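Please look over the sequence and the model before reading on.

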Amino acid sequence: ALYALACALACVFVGELTGNALLALLAGAFFAVHPAHAESAAWISSRKDVLSGALGFLSLIVHVRATRNDGAAHALGVALACLLGALAMLSKSTLVCLPLLVFLVELAAPALRDEGRDPREVARGAALRSLPYFLVAALVAWNAIEVGRRTGIAQPPPAGGLATVIATDLPILVRYIAASFAPHDLRASYSTFGLRQPLDADVPRAGLVLSFTFLLAARAGLARRGRLLAFAAAWFLIGLLPVLNFVPFVQLLADRYLFLPVLGPCVVVAWAVLRVSSRSKALGLGVAAALLLVLSVLSCERGLDFATSERLFRKNLQLEPASPVAHHQLGRALLAQAIDARTRGASGLAANLARAAALEEETALKLFAAPGVVWAGPELEVRRSLALDLEIGERPLAAIACSRDTIALERARGASVHDDSIRLGELCLRLRPGAVEERDLPLLVAIARAFAHVRQEGLARETLAIVERADPARAARALESDPELERALRAP
């Protein structure tokens, strides 16, 4: 329902801006069936894309209508549009580009409607009316950057500064334009884009031609006929500004980042279809129907990729075999199936699924460690999943070794080892005492202490018993130095 609302509002917005109902209907239809939107519409975590898009379009519609009024009606309309814009930005911070879109709409509306107003007067009025949006956007952007830094989503600036960012963005921008006009190889993760594969392996040559044509469309704005193309190109570029890595993100490239910008290419395609229709209505209708059918089929196919995590990331690996993120996510999907099978009592199936998951996680670890990967990867998360894969896959000693390495890595990075220590203790307790190596005894003492401090007295006693059988003196020293452990030992 949210997605349908956003598409309807996109159609109304183009109509309000251009005064051309047929152009608006076609652009809105292409926007609605564009395959790049599958990620935003089918992936529940991207509901914020759809919500922010709907609020953003509604804000622009109200703003355009408000500019045609005077007095109190105008002031009330602008205030309402600004409020809607704030809600759009708070729904997803990538909408901080909205003030620039408002400014663009203010500049473009008179030209697209042939109102013949003085451009300097239009620019002054646009700057003044855009100011409240800029103030809200500044606050939202500051908050988003701070949250991103604390959560690890925002990354520190790369070596080389702006020059590196621009060099990285150029192939990304070309890929976005190619995906807008030729969306046939979309995927959930682009983790090796432009690094492990040559550029033309990621971007079709036809897409390159379309890209440069589209980027130069602003030049056509000098001519009266090119105003719409100039607006579409500017809309696309402004919509992408927040995700062009001037503040670097963990994910450099994603289909969902096209949700708002892709309206620009949709307007261009709708304009081209109308140009064909002006010469031959039958041909124009045929071209429009064919494009809508092809895009609809591609959208349905892409949407169905989100039916299961396994299907989504197997498709990803078909397009990008060296993607560590896709291998890791496929491993997690198989692990979830293994846990479900174990819960149902199908231990054989669970073990087989867990072994397949372990292979994916081991591949992910190797790829994350390789040079040239954009994102170093969630190594600790991968290792934890791998330990569980090995345990369910009936390889307990390998699971213990993996958990031990994870804890060592956490300690080296200054992270908390509490939860993983408890997990390792539970693994060790499932083995016969002779399976524990001498080098594991200090770690087992730490695990016993961790159990004691979280009031898991039974587990603390069992863990310490393993230590005592191997080294009674070590167990005695542990009890003497830790009152909490001694309390756990004496607890009923």
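This is a predicted model: local features need pLDDT of at least 70, side-chain atom pairs count only at pLDDT 80 or more; totals for chains, interfaces and linings use all residues.

The whole structure holds 18 salt bridges. One of them joins the side chains of Arg-65 and Glu-16, with an N to O distance of 2.7 Å. Arg-65 belongs to helix H4 (residues 47–66) and Glu-16 to helix H1 (residues 2–18), so this bridge links distant parts of the chain, 49 residues apart. Glu-16 is buried, at a relative accessible area of 13%, whereas Arg-65 is partly exposed, at 43%.

A salt bridge also forms between the side chains of Glu-457 and Arg-487, at 3.0 Å from N to O. Here the two partners are 30 residues apart: Glu-457 is in helix H21 (residues 457–470) and Arg-487 in helix H23 (residues 483–490). Glu-457 has a relative accessibility of 17% and counts as buried, because the cut-off for buried is under 20%. Arg-487 has a relative accessible area of 29% and is partly exposed.

## A buried pair and its network

The side chains of Arg-187 and Glu-320 meet in a salt bridge of 3.1 Å, N to O. Both partners lie in loops: Arg-187 between helix H8 (162–181) and helix H9 (199–202), and Glu-320 between helix H14 (309–319) and helix H15 (324–343). The pair therefore ties together parts that are 133 residues apart in sequence.

Are these two residues buried or exposed? Arg-187 is buried, with 2% relative accessibility, and Glu-320 is buried as well, with a relative accessible area of 0%. Arg-187 and Glu-320 also take part in a network of salt bridges, together with Arg-175 and Asp-185.

## Nonpolar cores

In soluble globular proteins, nonpolar side chains tend to be buried together. In this model the largest nonpolar core has 76 residues. Phe-13, Phe-31, Phe-57, Phe-231, Trp-235 and Leu-263 have the most contacts inside this core. Leaving aside residues up to four places away in sequence, Leu-263 touches Ala-10, Phe-13, Val-14, Phe-31, Phe-57 and Trp-235.

Another core, of 18 residues, lies apart from the largest one. Its members include Leu-443, Val-445, Ala-452 and Ile-466.

## A nonpolar patch on the surface

Some nonpolar residues lie on the surface instead. Leu-100, Leu-131, Phe-134, Leu-135, Leu-162, Ile-166, Leu-170, Leu-241 and Phe-246 form a nonpolar patch there, and together they have about 830 Å² of accessible area. Helix H7 (119–151) and H8 are the elements that give two or more residues to this patch.

Leu-170 is one of the patch residues, and its place is in helix H8. Leu-170 has a relative accessible area of 51% and is exposed, because the cut-off for exposed is over 50%.

Which residues of H23 are buried? They are Glu-484, Leu-485 and Ala-488. Viewed down the axis of H23, these buried residues fall within an arc of 100°, so they line one face of the helix. An α-helix has 3.6 residues a turn, so residues three or four places apart point the same way.

The buried residues of H23 pack against helix H20 (441–453), H21 and helix H22 (472–481). On the face turned away from the buried side, H23 carries the exposed residues Pro-483 and Arg-490.

Definitions and conventions:
Residues are numbered from 1 along each chain as its sequence is written. Side-chain values use heavy atoms; hydrogens and water are left out. A salt bridge is a side-chain nitrogen of Lys or Arg within 4 Å of a carboxyl oxygen of Asp or Glu. Helices (H or I, at least four residues) and strands (E, at least two) are DSSP runs, numbered from the N terminus. Buried means under 20% relative accessible area, exposed over 50%, partly exposed in between (1.4 Å probe, protein chains only). A nonpolar core is a set of buried Ala, Val, Leu, Ile, Met, Phe, Trp, Tyr and Cys residues joined through side-chain atoms within 4.5 Å. Contact means heavy atoms within 4.5 Å. Patches are made of residues with over 30% relative accessible area and no salt bridge: like charges are joined within 9 Å, nonpolar side chains (Val, Leu, Ile, Met, Phe, Trp, Tyr) within 5 Å. Accessible areas come from the Shrake-Rupley method with a 1.4 Å probe; for residues, only the protein chains shown count as cover. The arc is that of the directions from the helix axis to the C-beta atoms.
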